[in-house]
Amino acid sequence: MRKSFAVLFFAAAVAVAGLGSAAGAASEIAINGSTTVLPFAQSTAEAFMKLRPDVRISVSGGGSGNGAKSLIDGMVQIASMSRAMKDSEINDAKKKGIDPVRHTVAVDCIVPIVHPSNPVNNLTVSQIRDIYAGSITNWKDVGGPDKRIAVVGRDTSSGTYEVWEEKVMKGTPVTPRALIVASSGALVQTVAGNPLSIGYDSLGYVDPKLVKALGIDGVKGTPDTARDGTIATSRLLYMYTNGAPAGDVKAYLDFLTSDDGQRYVAREGFVTLK
Amino acid sequence: MSIYLLRRAADRASTAALYGCMALSAAVLGLILAFLAYRGVGAISWEFISDHPRAGMTEGGIVTPIAGTVQLILVSMAFAFPVGVTTAVYFNEYSRGGALTKALRLAVRSLASVPSVVLGLFGLAFFCVFLRFGASLLSAGLTLGCLALPTLITASETALQNVPREFRDASYALGGTRWQTIYKVVLPSAFPGIITGGILCVGRVAGETAPIMFTGAVFFAPGFARSIFDSVMALPYHIYVLATAGTRIDKTEPLQYGTILVLLALVLGISMVGIVARARLRKRL
Amino acid sequence: MERAGEIVITTGGPRGARRGARKWGEIVPKGVVTSVALSGIWLMAFIIFFLIKEGAPILKETSLTEIALGQLWYPVSNPPSYGMLPLIAGSAAVTLLSSIMAIPFGVVLALFISDVCPERAREFCKVSLEILGFLPSVVLGFIGMAVIAPHMQMKLELLSGLNMLNASFLLGILILPTIATLSEDSLYAVPQAMRDASYALGGTRCETMFKVVLKCASRGIAQAAILGVMRSVGETMVVLMAAGGAAIIPLAMSDPVRPLTSTIAAEMGETPVGSPHYHALFFMGCLLLFITIALNILVLRIESGGGEK
């Protein structure tokens, strides 16, 4: 019994290991990075694999920093990022002989969101900053009911936070009392479940059935305001490759930026390049 | 007399309170399971079990994470099982209680107490970065293996200790060497106990999220991992992903409860098998 | 590891030579078994080494006092501040609250199973406790986030349902089986004679349980409690999903907290390798590791103290 088990066991282990060599012909692309980019990275990857069944694309969302790290370590072919690479990251990459090349794949803007029951529709940048800095703590100060404000934010290291910090907070620190959630989806869910809350999220994650998007300085977050930059929080979403892309990586990026690929971007609620 | 009555009343009350506590905890467990089953059972279908996730996790099924979890279990056990059993053999058959054994015991005990997220950090620094395995099935499986190792050692050691002394004596009396005795007599008799320990470990490993978050579990993989250097989807991480990274929560919610139900069925099913097997073993002893 | 094997072979040499042909059949397995068994030590040494190696460089960026007493955790601001006090306080607070909930309850459950429960129901109770222990923490975290938090927020009119109370309650559920099972083992091991003596003196069952059995098993129960605390300190998914994540020193049970474990899990993915932030997260890993090792040594102390008796 013991021997047969041992044989079975090693057979299983070898089978797991051996599967790889059998399927070596397919070309593999690994994408890692921003959680913001995840939804359309996945759906375009799915669509691309339908066109090119010989290519396998795996998508992970460790965060923008993680994406850059994986590209620098040579673990992935594409790093998706919701911010531009920092100088320190580019220097690291150069040191390891990696030449990060930036491709803009979609446009996005970050909008403040509240629970649908909240009567507030618009906030000015300075009001939002005061709320996040902790100096406005009641909804009545910004035209809402006499209730406390539950401030919800993202981790200070996320790409979404960095854009928010740069374009809205402008250096004012976020109050440490803010609830911090680890991903874009969790933020929407937290705000959707709490009538007192305010959060901010990428336009693609804003589901009007669950949360209400607020205007900033009277400008609503829409594809147009994001593209032409009328809304203060617009940003670009990137994918980085090592050197100029070639082969299947190029084919995927071309697909993603083509009209067909951009349709998937729009379907996931993000803003297309054109 | 009244003191006697008082004491008896206190006794009755405490008995009732203890029954109440047990009932409460059984109720909490029952409630959690019933709630999850109620919300999740609608999502379960053959398609759900056998299809890959599609359209940004809003359609399709969860066969990729199921397979990933199975592969992670296999890799982790391929590492932890041989090492764990061998360590137990060392403790039980070879060690003479010297400094080395003490150090080893301390190491195993400490290993058992390392928080899972710290193991994840270690896996990232050691397997992914230092040994250059990358974020892969191999790195994540080995990290889970480290998690399972102490439990496996303890379980195997108990199984070895339960082998009656007479078995060994008989083998020595027939002129068997120590290794022959271990290999041909002790291990086979301890085998069912060791396997039971292994099964319980698998139940533990299957439900872990924190150690695989940075070491190999991914948000989305195109089909099954074909080599140990591929990254995988895993059920527990998939639950975390569905809970925190969906753009359309209304559509992912049923899938989410379905996934939870499948994970629970897998984990609790495996551990039930282990628990029942262990109970039968104990009766036989 | 191969070197360890060689050493064993040489020390085993002379004795093996006497036995002639059997020498290698005996020595090789012994060497292999010993060297494989040593991998446990290697592994633990590697864990400590790699965590310190990646965690220590943060001390070049900031001082130990700043880390231990700083109240602000803004690791990527400019200038950054690496105050971990709120995170440590967060870990301590959820651990304390969950232990307060789970330890007495767990011990009471253990008493029930060992002394009150009818023999036939014993197995059932033990099995259901064990199953409770197998509940994956991500599932409990999800329940906290998607089910308990919205209800708690509405019913209690709190600022948010993602808070210390929510997370501690779920952590309590998570560590309850550990505490109850281990306590039960030591309660059950109390000799029947102790109970009989108490009954013979006219003690009721309640008095026997609380005054005699509990005292006899106190060492085992203390160990069970510490192991429960250990699990609570290191648990990640529940606090990541249900604790709220605000890096403040909690003053009320409804305050959101950000324990060390959830900080690591949430921020590790977003930080560049080798940045001060990355080292700071590994430093937290070191902290957690040393806390659990210290608790572990405490357990061993209690255990060996029991041996002297």
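The C-alpha centres of domain 1 and domain 2 of chain B lie 33 Å apart.

A word on the model before going on. It is predicted, and local features need pLDDT of at least 70, side-chain atom pairs count only at pLDDT 80 or more, while totals for chains, interfaces and linings use all residues. Residues are numbered from 1 along each chain as its sequence is written, and chains are lettered from A and ligands numbered from 1 in the order in which they are written.

Back to chain B. Its domain assignment gives residues 2-43 as domain 1 and residues 46-284 as domain 2; such bounds come from an automatic or database domain assignment. Where the two domains touch, 7 residues of domain 1 of chain B are in contact with 8 residues of domain 2 of chain B. Contact here means that the C-beta atoms of two residues, placed from the backbone, lie within 7 Å. On the domain 1 side of that contact in chain B there are 4 nonpolar, 2 polar and 1 charged residues. For the classes, Ala, Val, Leu, Ile, Met, Phe, Trp, Tyr, Cys and Pro count as nonpolar, Asp, Glu, Lys and Arg as charged, and the others, Gly among them, as polar.

Chain B as a whole has 11 helices and 2 strands. Helices are DSSP runs of H or I with at least four residues, strands are runs of E with at least two, and both are numbered from the N terminus. The order along the sequence of chain B is α-α-β-β-α-α-α-α-α-α-α-α-α. Its C-alpha atoms fill a box of roughly 75 × 70 × 35 Å along the principal axes. Of the 285 residues in chain B, 56% are buried. A residue is buried if 20 or more other C-beta atoms, placed from the backbone, lie within 10 Å of its own, exposed if 12 or fewer, and partly exposed in between. Taking contacts in chain B between residues at least 6 apart in sequence, 77% join residues at least 24 apart.

Two packed helices are described by the angle between their axes and the distance between the axes. Helix α5 (residues 116-130) and helix α6 (residues 137-161) of chain B have axes that come within 9 Å and cross at roughly 135°. The axes are lines fitted to C-alpha atoms over the stretch in contact, with angles from 0 to 180 degrees between N-to-C directions. α5(B) and α6(B) are therefore oblique to each other, given that under 35 degrees counts as roughly parallel, over 145 as roughly antiparallel, 65 to 115 as roughly perpendicular and the rest as oblique. Which residues meet between α5(B) and α6(B)? From α5(B) they are B:S116, B:L119, B:G120, B:G123, B:F127 and B:C128, and from α6(B) they are B:S139, B:L142, B:T143, B:C146 and B:L147. That contact has 6 nonpolar, 5 polar and no charged residues.

Next, the neighbour of chain B. Chain C puts 67 residues in contact with 59 residues of chain B. Helix α3 (residues 39-55) of chain C gives the most to the chain C side, with 10 residues. By class, that side of chain C has 46 nonpolar, 14 polar and 7 charged residues.

Now chain A. It has 10 helices and 11 strands, and its C-alpha trace spans about 70 × 50 × 35 Å along the principal axes. Of its 274 residues, 53% count as buried. The domain assignment of chain A gives domain 1 as 5-106 + 237-267 and domain 2 as 108-228. Their centres, taken over C-alpha atoms, are separated by 30 Å. Their contact takes 12 residues from domain 1 of chain A and 11 residues from domain 2 of chain A.

Two local points in chain A to finish. Is helix α3 (residues 64-72) of chain A mostly covered or exposed? It is mostly covered, with 9 of its 9 residues buried. The buried residues of α3(A) pack against several elements of chain A, including β1 (27-33), α4 (87-95) and β11 (234-242). Just after α3(A), A:G74 takes a positive phi of about 75°. The other point is A:S258, in the loop between α9 (247-257) and α10 (259-267) of chain A. A:S258 is exposed because it has 11 other C-beta atoms within 10 Å.
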